[in-house]
Amino acid sequence: MSELVTGEAVALELRPAKLPSRGLAVLLDLAAVVTVYILVTLGLVAATASLDEAARTAVTIATFVLVLVGGPILVETLTHGRSLGKLACGLRVVRDDGGPIRFRHALVRGLLGVIEILMTFGVVACVASLVSARGRRLGDVFAGTLVVRERIPAAGQGAFVPPPPPWLAGRFSGLDLSAVPDSLWLAVRQYLTRMRQLDPQVGWSMAERLASDVAGRTGAPVPPGVPPAMYLAAVLQERQTREAQRTFGRGGAPTAPAPYPAGAGQPVPPPAVPVAPVPPAAPPVEPPASGEAAERPSTGFAPPA
């Protein structure tokens, strides 16, 4: 088990998949991919019967690359690390910090998987998994990923990252997060998902320590008056927003502007605008009915008809 043990002896862990479950998932994935490859090959043999030998060889190589190499890469990218075999075994590929993988992670894993799984019949992958403390093969090491178990009995609250309060949204858009390592992001994510299960005093001290570590890496102190747990949630949301912007473009995830100046502990309310007194409305004056009535002074009542 891969654990992050805090100073208060509280273990926040990811549960790496064991070699048997990973091997079973790989066999299921290979069975599915080989089945698709055979069906596609049979169809191409019938379709390319009129071509010469060189053309059929080129089609065969292209089919091998697209199906046996490109297929798993595409599936892991679209499913964020849940292939058919991993889904059946309750496994998932995640980044070292616990986040979902992207195309570059699946590409590195897929390319190295051709060497350590297909070409060596899985011998290299098995040896690397046995040597690694977290059961990672070479593709996971170079891609910065980890295969974990998803089917873990949850206790109490659901394992989700709570969002920061609205008045902190976009507050840390100017921070430099490039120096924060993945291991620290993993610790922040694990704390936020389990902070409701911790003792309040232990959780507060853990949040203070993690917030101090993040602030030390970013070079900016924690704003006064901001609780450490809210600070961690806001900084983690800022990192996720930047990742979404890099993946989908600037229009994919807009960042809210800071609602108050830097360094302030609480949001500053808008200045009050003085309201001018409204004069009482004058009663409407009806025009006189005739010239004779216009000469007569007003008496406050109407004469009888």
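**Exercise 1. Locate P221 and classify its exposure.**

*Solution.* P221 is found in the loop between α8 (200-218) and α9. Helices (H or I, at least four residues) and strands (E, at least two) are DSSP runs, numbered from the N terminus. The model is predicted, so that local features need pLDDT of at least 70 and side-chain atom pairs count only at pLDDT 80 or more, while totals for chains, interfaces and linings use all residues. Residues are numbered from 1 along each chain as its sequence is written, and side-chain values use heavy atoms, with hydrogens and water left out.

The next step is the accessibility class: buried means under 20% relative accessible area, exposed over 50%, and partly exposed in between (1.4 Å probe, protein chains only). P221 has a relative accessibility of 68% and therefore counts as exposed. Finally, P221 and A211 are ten residues apart in sequence, and their C-alpha atoms are 9.0 Å apart in space.

**Exercise 2. Describe how helix α2 packs with helix α4.**

*Solution.* Begin with the geometry. Helix α2 (residues 53-79) and helix α4 (residues 103-119) pack at an angle of about 140°, and their axes are 9 Å apart. Axes are lines fitted to C-alpha atoms, for helices over the stretch in contact, and angles run from 0 to 180 degrees between N-to-C directions.

Next, assign the handedness. α2 passes α4 in a right-handed crossing; a crossing is left-handed if the near helix is turned anticlockwise from the far one by less than a right angle, and right-handed if clockwise.

Then list the residues that meet. From α2 come L68, V69, I73, E76 and T77, and from α4 come F103, A106, L107, R109, G110, L111, V114 and L118. By class, the contact of α2 with α4 has nine nonpolar, two polar and two charged residues. Here Ala, Val, Leu, Ile, Met, Phe, Trp, Tyr, Cys and Pro count as nonpolar, Asp, Glu, Lys and Arg as charged, and the others, Gly among them, as polar.

**Exercise 3. Identify the aromatic pairs and classify their geometry.**

*Solution.* Rings of Phe, Tyr and Trp (its six-membered ring) pair if their centres lie within 6.5 Å; planes under 30 degrees apart count as stacked, over 60 as edge-to-face and the rest as tilted. By this rule there are two aromatic pairs.

F64 counts as partly exposed because its relative accessibility is 34%.

In the other pair, the ring centres of F172 and Y231 are 5.2 Å apart and the planes stand at 90°, so this pair is edge-to-face. F172 is in the loop between β4 (145-149) and α7 (182-194), and Y231 is in helix α9 (residues 228-248), 59 residues apart. F172 and Y231 are buried.

**Exercise 4. Examine phi at H80 and F121.**

*Solution.* Most residues other than glycine have a negative phi. Phi of H80 is near 55°, a positive value in a residue other than glycine. H80 lies in the loop between α2 and α3 (84-89) and is partly exposed, with a relative accessible area of 33%.

F121, which is not a glycine, has a positive phi of about 55°. F121 lies in the loop between α4 and α5 (123-131) and is exposed, at a relative accessible area of 76%.

How values were computed:
Contact means heavy atoms within 4.5 Å.
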